[in-house]
There are 4 protein chains.
Amino acid sequence: MCRWLAYSGTPMLLDDVLYRPEHSLIDQSLHSRLGVETTNGDGFGIGWYTQDIDTPAIVRDTGPAWNNRNLREIADHVRSPLFFAHIRASTGTAVQQTNCHPFRHGRWMWMHNGAITDFHRLRRDLCLAIDPALFSSVEGSTDSEVMFFLALTFGLDQDPPGAVARMAGLVERLGHENGVEFPLQMTLAVTDGDRLWAFRYASQGPPRSLFYSSRVDTLRELHPDMAFLQRVSDVTRLVVSEPLGDLPGAWNEVPPSSYGIVHAGADELRPFAPQPV
Amino acid sequence: MCRWLAYSGTPMLLDDVLYRPEHSLIDQSLHSRLGVETTNGDGFGIGWYTQDIDTPAIVRDTGPAWNNRNLREIADHVRSPLFFAHIRASTGTAVQQTNCHPFRHGRWMWMHNGAITDFHRLRRDLCLAIDPALFSSVEGSTDSEVMFFLALTFGLDQDPPGAVARMAGLVERLGHENGVEFPLQMTLAVTDGDRLWAFRYASQGPPRSLFYSSRVDTLRELHPDMAFLQRVSDVTRLVVSEPLGDLPGAWNEVPPSSYGIVHAGADELRPFAPQPV
Amino acid sequence: MCRWLAYSGTPMLLDDVLYRPEHSLIDQSLHSRLGVETTNGDGFGIGWYTQDIDTPAIVRDTGPAWNNRNLREIADHVRSPLFFAHIRASTGTAVQQTNCHPFRHGRWMWMHNGAITDFHRLRRDLCLAIDPALFSSVEGSTDSEVMFFLALTFGLDQDPPGAVARMAGLVERLGHENGVEFPLQMTLAVTDGDRLWAFRYASQGPPRSLFYSSRVDTLRELHPDMAFLQRVSDVTRLVVSEPLGDLPGAWNEVPPSSYGIVHAGADELRPFAPQPV
Amino acid sequence: MCRWLAYSGTPMLLDDVLYRPEHSLIDQSLHSRLGVETTNGDGFGIGWYTQDIDTPAIVRDTGPAWNNRNLREIADHVRSPLFFAHIRASTGTAVQQTNCHPFRHGRWMWMHNGAITDFHRLRRDLCLAIDPALFSSVEGSTDSEVMFFLALTFGLDQDPPGAVARMAGLVERLGHENGVEFPLQMTLAVTDGDRLWAFRYASQGPPRSLFYSSRVDTLRELHPDMAFLQRVSDVTRLVVSEPLGDLPGAWNEVPPSSYGIVHAGADELRPFAPQPV
C-alpha cells in the first residue's frame, strides 16, 4: 500500500511539510506506523501548483523517497499553496514513473492509497469503461490510474464527489460480476488546483487510515507557544494517511464512508457511498 | 525507431556479438546509419536462453545502452546459443522498463522496430482484440507489446507466421476503419527458444531495413583468414536491423514482405502478407 | 564533452530558455552542432536560484535530458532570474548523479565543458592540493568537480577570476610535471547567485566554443517584431556553449583566453591567463 | 549498514540462495532482523564467477533489491560456484552504482558491512595511503571502497589476511591520530575466485553479526529429509550477515576478531587482529 499527504493553505516551502515534522512522510517511507506495509520504497511523487500556471508540476521517480536528492532539492526551494506528495509500496505492479502518484489530467491531480481487489481480473472490464477518447492517455498499469480515468469519464470536471461515487459504484458492480466480493479499498485525494477533495471508503471493514488537521485557530489556542502556527493562515489544512506527529488536538480521523472538501473558509465533511452505474 | 539484433548458433559470449563488431549494436545506439533516428538512447534490452531453462532471461533498462555498465558486465560473462538485443528510440511513449524490448511470455520472446501509425487512435480497439485472459499481462504502453499480445491471441504458439499475419491483418483492418491509410511498419523477431522467425513488412513503401548473415561455410570460403569464422558452426546466423560491419559477402537484405525462419539446418525465406481477420 | 547554458536577467520560466529555442540545449543533447560529440546523453543537471533562498536548487539525473519528464515538469513550472543547465557526454567516468553538473558549494554553483588531459594521471596530485577541510566534500570522480574544489581552495569566495586562474595554473603545472603537455581545455560558468563569470581557455589550440547573447536593447532595434524581446530586461544575458538559434546579431563568440562577468548594468569581457601556483 | 551473503560450492542457480530461503537476503532488504537498520534499500549488487573467465561479473543498481526485476532475471538464469550478494543501507554517502558492493579489481571481489567512524575526517589521510598507481581507480565515495584499495595496496594479492590486518591497522592508527577512539566496524568478504575469506572485527564492542553454514555432511545427518542437501557437495558453504532461516544446526556465529577461509576441503577459522602499519 502507500502513504500520502495533501496540503492546502498558506504558500509553504515543501520542506516544512515533507521533511520537518517528526513523523514526516519521508520518515513514513522507511517506518510507516499505520500502513499495511512499514516500508514504502517503490517510488514516490509530488505535485504542486504555482502562481499563474493552471497545471500542477508533477515530479515522480522510481527509487525510495528517503534517499532521493532531487526531491530534497525541490522541497528546499519550491513554495506552493497546494501540493500533494505520495510514497508507494507496490503490490506487484511495475515500479515505474507512470505507476507513481500523483496522476495528472489537465489541471486535475489524483492520488490513491488502497487497492482494487484482484485487479488483474477486473482490469479489462474497467479499462473498457473508460471514455474511448481518454483510453490512450492511460500510461501505467495501476488500479489507481484506471480509477482516475474512470472518475474523469464519469464527470470529475463537473461533479467530483459524484464522479468518484460512480467510479466506486462501477468498481463494485464489475467486481461482483467477476466474483470479487469486496472489490474496493481507498483513500483518495483529488484537486483541480483550487478545491481539494479527500475520500475514505472500503467495500468491507475499516478503510485505510486517513486524518485531517484541526483548524489552525483552534491549534493556536491549544499551543500558543508554537511559532509555526503563527505563520500559517486559518484556512490551512493537511490531509494525511497518518499523523505527522503526536501534537495533542492536531489530528482528526476522517470517518469511514465519508469525504471532505477543503476550500478557503468552507471546509466540510460529508457521507460517501458508491453510486450504482 | 529502434535497432535490434538476433543471434542463433554456436553458444557465444554476448560481448563478441554486441560490442566487438566495428559497427556493433552498441555503436548503433549512438550512431545508427540506416535508422530513422541516428540516436537510440531511450532504453535497451537483452534476452538470452540458458541451458536447461525454458524461459529466456530478460534484462532491460531505461538509459542508453552505450553507457550501461551492467550490460557490459553481462555481455562479458554470459554465453548463449540464442539471444536478442534491442536499443530503443522512443517516439513519445514513456521511457520505462516495461516499454523496452524484448518482451517475454512463457518461453516466447518478441522484439520490434517500426510503429503502428497513429497508435493512440487505434490503441483501444487493438487492446480489445487481445485475448481477455492475456489482457492483464500487458504492462507497458507501446504498440510493440500490443502486437505481441495480439500474435499470442492469434496462435503464436501453434503457428508463428500465421499468428503474425493475422496480427498484421487486424492492425491494417482497424487502421483502415479508423482512417489510418498505412497503419503498419515493422521488422519483427520472434523465438520460442528453439526456432527464430524474422519478419519485414510495411503497409506502404520500403519497410525498415533488415539483414541476415550469410551461411558460415560460404563466409569461410570468402574469408579463409578470419579466425572468428572457424569458431562458429555452419548453422550460426545473425538477423540485424543494420549490418554490423562492411565484410563483403556477409550481409543480405531480407526482401520486403517476407520472413525468414532460422533453425539448425533448415533456414528459409518465405513471402509474408497480412491475413484478414 | 558537454554543452551548457547560463541565464541571468528577468525571471523566466526555464522552459522559455531550455526547450523553446529552435536549437535549444535539449535539442543539443541529441544533435549538438559544435560539440566534439554530437550526442550528450550521459546525464544532465539544472541549478536555479529562488527568491529569499541563498543556495541554488540542483536537480541532476543520469539519463538523457531529451527524454526526462521531471526536467520537462520543472522547466514548465519554475521561474528563476539566474539558472544553469548542463548536458553531459562522459569521456569514461561513471554516469552518476554526483558526476553531473552543476556542482554546488554553499551559494556557489559551477559547471564545465572540456577536460583535464590524462586526468587519471593527475587526479591524485590535484586531489592533494584541495583544502583538506574540503577534501571530504568531493563526491564524484570527474575532473570538473576537482577543478571546482581547487577554485574554492584558491579563494573563489573572494576573487573568482583569480581563483580560477590559480586553479588553471596548478592544473598546467602538475600536468607538465607529469608529462602532460597541454593539460587544460575548459569553458566554465561560475556564480554566487548574484554575479556570473564565464571563462574560455585551452592550454593549446582553440578552446571549446562559447558564446554570449547581445545586449537586449541592441536586439530590440535589430528585431523590433520579436515579442519575446519586449518581455526581458536590458540586463538579461545568456552564455552558451553554442548558439540557441540563427537570429542575426544575437550571438557573439567569447574570445579564447578571456572571461566575462555578467552583472546588472556592468557586463564586461577581460583577458584570462592561468596564474602559476 | 548493510547485509551480505557469500556462496562457495556446488554451482547453483542464484535464485536458490538469494530468493528461496525463508529469510532470504532479498527478504532482509525489507526486514532485516539483526541489522542496525531494518531496511536495506539504498542499492544492491551481485558478483559471480563463470567458467573459464577470470574476472567476476558485477551487476549493481541503486534501487532496492526487493523490487528489481533485472536481479530477479539474473538470479533465475545464472548458475555459479562462487558468488557474492550485497544490499545497502547508506549512512549518508551518495546512492550510486559506484558506491554499491561488491567492488572488483582484476579477479578480486570485496564487500563490506560496517563503517569507518567519522570517515569524513579520515578520508583524505586514508586516500593518501592508497598506492598512487591505484588512486585513480577509486570511483565512489564510500569507506568500503577505500578499505578495498588499502588492502590491495598492502598486498591483498599475496597475503589476504595480512593485507586486511594492515588495512585495519592503518584505519585504527589514522583514526586515533585524528581523535576517533574506535575507528573500525567491519564484516568483510574477499575472494579471488578460488578461495573466500570472511572477517569479523570491531575496534570496540561486538562487531556486526556474521554467520557461516555448517558442513553439509553434518546437516544431511541432522536433516535426512531435506532434498536440497542432497544436491550440494560437502564443500559447499555460505557466509552471511544473518541466517537465512531457522534450520536447527545450520548456522554458526563467526567469533569476533576472527576470520575464516573457505576452500574446497580446507575450511578453517583463525584469530584476526589489526596489524600496526
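**Figure 1. Contact of helix α4 with helix α7 in chain A of this predicted model.** A:Leu122, A:Asp125 and A:Leu126 in α4(A) meet A:Leu170, A:Val171, A:Leu174 and A:Gly175 in α7(A), where contact means heavy atoms within 4.5 Å, and where helices (H or I, at least four residues) and strands (E, at least two) are DSSP runs numbered from the N terminus. By class, this contact has 5 nonpolar, 1 polar and 1 charged residues (Ala, Val, Leu, Ile, Met, Phe, Trp, Tyr, Cys and Pro count as nonpolar, Asp, Glu, Lys and Arg as charged, and the others, Gly among them, as polar). The model is predicted, so that local features need pLDDT of at least 70 and side-chain atom pairs count only at pLDDT 80 or more, while totals for chains, interfaces and linings use all residues. Residues are numbered from 1 along each chain as its sequence is written, chains are lettered from A and ligands numbered from 1 in the order in which they are written, and side-chain values use heavy atoms, with hydrogens and water left out.

**Figure 2. Chain C against chain A.** In this interface, 25 residues of chain C are in contact with 25 residues of chain A, and the two chains bury about 1,800 Å² between them, 42% of it on carbon and sulfur atoms (buried area is the accessible area, with a 1.4 Å probe, that two parts lose on being put together, summed over both). C:Arg69, C:Asn70 and C:His77 supply 32% of the area that chain C buries against chain A, more than any other three residues. Because 100% of the interface residues of chain C are also interface residues in chain A, the copies meet through the same surface.

**Figure 3. Chain C against chain D.** Here 15 residues from chain C and 15 residues from chain D take part in the contact, and the area buried between the two chains is about 1,500 Å², of which carbon and sulfur atoms give 51%. C:Arg123, C:Arg124 and C:Phe135 supply 39% of the area that chain C buries against chain D, more than any other three residues.

**Figure 4. Backbone details in chains A, B and C.** Most residues other than glycine have a negative phi, and most peptide bonds are trans. A:Asp118, in the loop between β6 (108-116) and α4 of chain A, has a positive phi near 50°. The peptide bond that joins B:His101 and B:Pro102 is cis, with omega about -5°, and B:Pro102 has its place in the loop between β4 (79-88) and β5 (103-105) of chain B. The bond from C:His101 to C:Pro102 is also cis, with omega near -5°.
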